[in-house]
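The model is shown below.

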Amino acid sequence: MKHADQSKPRSPRRREVLAGAAAGTAAMLIPPVASAASDAGAAQASIYPARAFAQTSEAAALQAMFGKTPAHSSEVRMSAPDIAENGAVVPVAVDANLPDVTTIAIMAIDNPFTMAAAYKIPAGTSTAISSRIKLAKTTKVVTVVESAGKLYSTSKQVKVTLGGCG
Amino acid sequence: MKFAYLALALLVMTPGALASNKPDPASDLKAFQGYFLKRFPKIPLAAYVNGPYDFSKSERAQWKQIMEFPPYQFALDHGRKLFEAKFPNGKSYAACFPHGGIGIAQNYPMFDPKTGRVVTLGIAVNRCRVANGLGKLKLTTGPMADILAYMTDTSRGKTIDVTVPDNPKALAAYQAGKQYFYSRRGQLNFSCASCHVQAAGMHLRGNVLAPALGITASFPLYRSKWGNMGTLVRRFIGCNKKVRSVPDKPDSAAYRDLAYFLTSMSDGLPIAGPGARP
Amino acid sequence: MAHQILVHAMAAGGSTTVEALVKHPMDSGFVKDKAGKLIPPHYIEVIEFTHNGKVVLTGFWGPAVSKNPFIKFAFKGGKSGDSIGVSWVDNKGETASTTAKIM
């Protein structure tokens, strides 16, 4: 373990890459930089798999998202803490050593809604994705990968405890 | 056993004060830092600014992932904008501080000989606002935390240097802060030291208790539990409530003095704020 | 509150790594406010990343994605100066977008 690093965040210079301006509702507040909106693309609400995100069990969420069930595979990898520092911010990193991956889904089995996040992976995009999710309580977290039309999964139990520090 | 050891350590800490009745911040500093260095020989002095993260590999790993893109980044950007904005009279915060307010956070809290009181960086920001015809900001969160995040970021890595001058009022403020730190309070009858000296590095339910040494260095910070930024004084209020004691006012002498004592005990450590904690 | 999206995009070794931090409350609908009233759900449903106009990642998010979401991913190709676009739409129909240049 290295002790010397005091958690230095990235150099500020790198951070300055950010941002044209915001569009949409924010446009009233901030004038958008010319053409920023058109370059940025526009996410479409219509493609949202709302039914999959409304399910409250693993089986129902899988059925709604994929219409099939996965086989366990050690080629699907997930890194998540054994004990979450805070259930509201649990870092989860997924990866898959599988060909033609088209979708990766992350489910928190004992959350009010099972499906936490899902990603469409176009050709050329890596299967390694890191994000942060909320866990309502101690739960199994499952990562499902769709590879060449078949489903593979792995899971891990993440413990969520109450913090003591108010 | 640990408690006995600690009681001994606390006794050893105060002989100077007992002998002359005059507060002796320099010997306190040596004893305070020496206590932690002896108890946790594997953790070097500067690493104490990492708070709980040298005590748990798993928490450290999660923190590292959070710090990849720190959650206080929005506050930092906002704080910079606020700090650089002109007041209605055309002046700005920079004019109120040495070096234009850049890279000075390591010298706060500071004793102000004119008023005979301790001034935290937040209180100095509010003084600046009042001097320029603006209202005070809340000292706990919101825009104040954002401004402090920016100012502290410009001090990142600089050595904390809160030297208590040989002035009776400064020494009295220091002593009052020390007294506060070691006094038990609230229904649960805990002192600051109960958790952050005696139980430092141990678990309180799911959290690892941060050692008092270096604890101020990461403020203001983004706490996942809060979902936003908070200042040191916000944390004081939270800790007081947690032991079921009535918190003091954010700009009270009690909290100024506590911040003064506590920060001075981290003299020589680097500023590591703004930070992120669970 | 203005919507904000912070983006870092770095090209190295033939691929580009993108990290983004998106300002959004991501209210789950299960949390009460100080007055004891449930805060209605408010979360990003779809987020899309493009590289020079071509989609490189589509994310579907539910209320279980953390407040001020963070995401990191990588794609093959991309070079310094190329444009990375990010856009999202949430369950209330609010949208935001931004562009950044690959470092």
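## Salt bridges in the predicted model

B:K178 counts as buried, at 6% relative accessibility (buried means under 20% relative accessible area, exposed over 50%, partly exposed in between, with a 1.4 Å probe and protein chains only). B:D28 is buried too, with a relative accessible area of 3%. These two residues form a salt bridge, defined as a side-chain nitrogen of Lys or Arg within 4 Å of a carboxyl oxygen of Asp or Glu. B:K178 lies in helix α8 and B:D28 in helix α3 of chain B, so the pair ties together parts 150 residues apart in sequence. Helices (H or I, at least four residues) and strands (E, at least two) are DSSP runs, numbered from the N terminus.

This is a predicted model, in which local features need pLDDT of at least 70, side-chain atom pairs count only at pLDDT 80 or more, and totals for chains, interfaces and linings use all residues. Residues are numbered from 1 along each chain as its sequence is written, chains are lettered from A and ligands numbered from 1 in the order in which they are written, and side-chain values use heavy atoms, without hydrogens and water.

Eleven salt bridges are found over all chains, among them the following.

| Pair | N to O distance |
|---|---|
| B:K178 and B:D28 | 3.0 Å |
| A:K140 and A:E58 | 3.8 Å |
| B:E68 and C:K72 | 2.9 Å |

B:E68 counts as buried at 17% relative accessibility, whereas C:K72 is partly exposed at 25%.
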